[in-house]
Every structure is written in structure tokens, then in C-alpha cells.
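Please keep the sequence and the three-dimensional view at hand while reading.

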Amino acid sequence: MIFLWAFVVGGLICVIGQLMFDVMKLTPAHTTSTLVVVGAILDGFGLYEPLIDFAGAGATVPITSFGNALVHGAMAEAEKNGLIGVVTGIFEVTSAGISAAIVFAFIASLLFRSKG
Amino acid sequence: MRRGRTWTFPNKPVIISSAAVGGPFEAQGPLSADFDILHEDFWLGQDSFEQAEKKLLEQACERTIDKAGMKKEDIQFFLAGDLMNQIVTSSFSARTLGSPYIGLFGACSTSMEGLALGALIVDAGQAEFVIAGTASHNAAANRQYRYPSEYGAQNPPSAQWTVTGAGTGLIAKEGKGPSVTSATIGRIVDMGISDPFNMGVAMAPAAVDTIEAHFRDLDVDTDHYDLVLTGDLGRVGHRICADLLHKHGLNIPQDRFGDCGLMIYREDQPVQAGASGPACSATVFYGHILKEMEKGNLNRVLMVATGALLSPITFQQKESIPCIAHAVSIERMR
């Protein structure tokens, strides 16, 4: 059953993104950032984790999950270290993703040239 | 001589030579046979797309001069423009050419802006040999105006594909070739459209304004020209342009009214609404159209190059797109 919900929920998030892009005429950067912010807000209200339990990868793969992870890291650190934890924790969960993006982009840029 | 905002050229300056250079995508299109040079390599062997664009313009100039049997020292003025910041493609090509140079910015209308000014200079007797031209490179323009291709942003169906190429023409006091008989200078028309992925629609009213002015100033019938060709309105923009002209009572016969942006690529090439870019009208005109005139298939042509004069900054600040169109009439003298 989780496969079905992953498909539906993940697809729905993408449909919203496509509508923001095509109908609301947002730029790709605005579309992506808005979805990140939405994920962050949802987690702030404690709503994103239940969505992940319900839809699995349907909720973790789309970019909204990045916003969720930012807030998650910040909240967890804040509980341990107080206000300073918000700053130190914000990239804690996401650092693997960000570092991987930088490292692999660097390798790709060394090995390949743009085709156009 | 001037009638309204149309210059007429009584001394009939002649386009004695021209050249069109294209990239790999243009080589797959239906006009490939009309290009002088076609490149298989999107980079043209250069280190950057911007350098490739400069190479395109330099090669077009070189070939134009060669075809006229002249040397680059014989060129008295070089008029060029392009889409790069500070029109570097043109200025760097002018450095190579070494001629006195006037840089132009008319975005995709530069091809006809240059031809009109070149004809004016020659007609006035201020020069005997002037080269006018422009270039664009798909990937360089994407980087300048939209997103680098590697970014992988989606293009909506109304977006157009910037032509990789360059087109130049040598305008002379006398010689063999078609004559430039008049030019109508456009004014800025801004209908409040701010979507840079819908430039054809934004530019259509500018084309209508200039075409109307041209026919009004010269007082000629709509079937005076064998072909009226807009620059790069694309599928959507060209239809709007035809509808608006019809509404204004200017009925150019359908089979004599075309758009360069719909000619350069095949239907099945993935270019959304058609081609665009300064090189779109420049390569179609300096390549295909002049060859058709030489063969005698066309005698009178009105080229209406359209330009969207926005910058990435004005777009980010949510300004609308000011547009312009310049029309030049070219006639084969018998």
C-alpha cells in the first residue's frame, strides 16, 4: 500500500511544482525555493514526519523534504544546545546531500564538457 | 530621402556579397544548403561558447569579404551587434577585422538595423564598402538571458530556440546584387508582456507597427512585395502579427508572409515555438533569401527583423519587455 501512496503523494507534489511553473509563471529557482520553504513550514507544525510515515519516498524524494530536513536538524540541535543549536544544526541532516552535490558537481565538471 | 520614418535610398546601394555561418543544429534544418559554413562542433574548437560566437561572426565577415574578392582593408565601416553583455562578440570581431566600427544593440532586430544604417551610409556617399552583420550562439544566449543548459530548466511550449550562427552582408555603392531601396525604423512598442519565454507574442505588435508605417510611408499595395518576412516571431507571435495586420486592414497575402523563425528548423526539431536570436533573421536573409533573389525566385522582399530589448536585470525587476522592429526592403534590379 505504501507504494501506492508514495506514487500519489510524490506525484502530487510534482504536479504542484509544475503548476507553479506553468500557471503561476514562477521561475525554476522560485518554484524550487518555494517548495523547500513549504516543507520547512510543514515540519515546523510537525506535519512532515507523519507524511513520510504515510508516503515513504513519495515525501522524502521531492525537494520539500529538504526543507523538512533543514528544520529537523535545527530543532534537534536547539533542544540539545539552545538557541545556538538552530544555527549549528540547520545543515546537520542535510550536510551529506549538500556536500555530495558539491563534490560530484566538481568531479563532473572536470570530466565532462557541456553539450549545449 | 525620408518619408515619415522611412528612408528611401535613391542611389540604390547594392549587397554585393554575403555569408551565413551555422552550427550543428542549423545543419539539420531545411535551409542547410544555403549556409556558407556549417559547424559540426557546437564549441567551434573554442574554450567557451562566447568565444565560439565571436568565431561565428569573424568567419562570416571573412567569407563575405572573400566572396567579393576583396581584402579586409577595403572595408570602410563595420556595423555589428549581438546579445552578449557589452556586445563583446561584435567588438572583438571588429578587433580582428580592423575596420572602423560602430557597435549596435537591437537584440534580434540588429540584422536589419545594421543593414538599414549601412545602406544609409553608402547611399549618402560616406562610404563605398560597409559590412553589416550579427551573430548569436544558442548556449551563450541561454547563459546570458535564461539558464545555462546544464542547469536543465524546463522550457515552456512558447519558448524559442536561439540560432547558433552569424550572417553578414557587404553593402557597396555599386556592383552586382540586389539593392537596398528603403528602410523603416521602428519605435519601441511595449504591450506590457513580461514573460521572457513568450517573446514572439511580445514582439508581434512592434512588427505590426513597423509594417504598417512602411506601407503607409511608401504608399504601396500589400502585394508589392513577393515576400514579407518577420525576423523571429515564431509560431505564436507570427499568427498574432498576421491577425493584427488583418484587423488593421492590411492584408498581406498569406503565401507571401512568412517568419524566419519558422523556416530555419524542421518541424520535428525540438525548438518549441520556432527559432530566435539575431542570427535567425541574419542567416535566413544573408543565406537563403539572397540566394533565392539571385536565382530570380524572389524580386522584392521586405525584411522585418524584430527585437526584444530586455535585460536579465529588467526581467528580475519585473519590468515588461520593450520591443522593436526594423524593416528593410531589398529589390532585385533588372
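Two strands pair if DSSP finds at least two bridges between them. Helices (H or I, at least four residues) and strands (E, at least two) are DSSP runs, numbered from the N terminus. This is a predicted model, in which local features need pLDDT of at least 70, side-chain atom pairs count only at pLDDT 80 or more, and totals for chains, interfaces and linings use all residues. Residues are numbered from 1 along each chain as its sequence is written, while chains are lettered from A and ligands numbered from 1 in the order in which they are written.

Strand β14 (residues 300-308) of chain B pairs with β15(B) in the antiparallel sense over 9 bridges; B:Ala305 has B:His326 as its bridge partner in β15(B). Strand β10 (residues 179-184) of chain B also pairs with β15(B) in the antiparallel sense, over 5 bridges, and here B:Ser179 is bridged to B:Glu331.

## Burial of β15

A residue is buried if 20 or more other C-beta atoms, placed from the backbone, lie within 10 Å of its own. In strand β15 (residues 323-331) of chain B, 9 of the 9 residues are buried, so the strand is largely enclosed by the rest of the structure. Both faces are covered, with B:Cys323 among the buried residues on one side and B:Ile324 among those on the other.

## Contact between the chains

Two residues are in contact if their C-beta atoms, placed from the backbone, lie within 7 Å. Chain A contributes 7 residues to the contact and chain B contributes 10 residues.

Definitions and conventions. A residue is buried if 20 or more other C-beta atoms lie within 10 Å of its own, exposed if 12 or fewer, and partly exposed in between; C-beta atoms are placed from the backbone.
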